[in-house]
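Subject: Structure handover

Hello,

Here is the structure for you to look at. My notes follow below it.

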Amino acid sequence: QVQLVESGGGLVQAGGSLRLSCAASGSIFRINTMGWIRQTPGNQRELVATITTGGSTNYADSVKGRFTISRDNAKNTVYLQMNSLKPEDTAVYYCDVEDALLRHYWGQGTQVTVSS
């Protein structure tokens, strides 16, 4: 059983910052890529950012230059630093963890709301 514990969501004004954290634990078989996915109020789903075991990152065009993904392999934790937040960033953010068997695990999600 794999447990993903997310934290860091909340309400912030446009231009503000938040940092999301997601810690994986349990019987996971070697973690490969980790990332963040968001679902907007309009139910649009978007892969926000990913980071490989080697530290290679990818970002959605909508967040490039504003968000930074990082990981702590010793803690099996992935982070998402979100700066210069915009109202269109409002969404439920889910962490996504891929194991060595290419299985994916999602967290319960954390709400991020950005006001104008």
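Is Thr57 buried, partly exposed or exposed? Thr57 is partly exposed, because its relative accessible area is 30%. The cut-offs are under 20% relative accessible area for buried and over 50% for exposed, with partly exposed in between (1.4 Å probe, protein chains only).

First, the ground rules. This is a predicted model, where local features need pLDDT of at least 70, side-chain atom pairs count only at pLDDT 80 or more, and totals for chains, interfaces and linings use all residues. Residues are numbered from 1 along each chain as its sequence is written, and side-chain values use heavy atoms, with hydrogens and water left out.

Overall build
The protein has 11 strands and zero helices. Both are DSSP runs, numbered from the N terminus: helices are H or I with at least four residues, strands are E with at least two. From the N terminus, the order is β-β-β-β-β-β-β-β-β-β-β.

The radius of gyration is 13 Å, which agrees with the value near 13 Å for a compact globule of 116 residues. That radius is taken over C-alpha atoms, and the globule rule is 2.2 Å times the number of residues to the power 0.38. Along the principal axes, the C-alpha atoms fill a box of roughly 40 × 25 × 25 Å.

Of the 116 residues, 43% are buried. The protein exposes about 6,100 Å², and carbon and sulfur atoms supply 46% of that area. Accessible areas come from the Shrake-Rupley method with a 1.4 Å probe; for residues, only the protein chains shown count as cover.

Contacts (heavy atoms within 4.5 Å) reach along the chain. Among those with a separation of 6 or more, 53% come from residues 24 or more positions apart.

The disulfide
There is one disulfide, defined as a pair of cysteine sulfur atoms within 2.5 Å. Cys22 is joined to Cys95, S to S 2.0 Å. This pair links distant parts of the chain: Cys22 sits in strand 3 (residues 18-26) and Cys95 in strand 9 (residues 91-99), 73 residues apart. Cys22 and Cys95 are both buried.

Thr57 and Val2
Thr57 belongs to strand 6 (residues 57-59). Leaving out residues up to four places away in sequence, Thr57 touches Thr50, Ile51 and Ile69. Thr57 and Val2 are 55 residues apart along the chain, and their C-alpha atoms are separated by 24 Å.

Val2 is in strand 1 (residues 2-7). Neighbours within four places in sequence aside, Val2 is in contact with Ser25, Ser27, Ile28 and Tyr105.

Positive phi
Most residues other than glycine have a negative phi. Which residues have a positive value here? Asn43 is one of them, with phi near 70°. Asn43 lies in the loop between strand 4 (31-39) and strand 5 (45-51). Asn43 counts as exposed because its relative accessibility is 58%.

Ser84 also has a positive phi, about 50°, and is not a glycine. Ser84 is in the loop between strand 8 (77-82) and strand 9. Its relative accessible area is 42%, so Ser84 is partly exposed.

Best wishes
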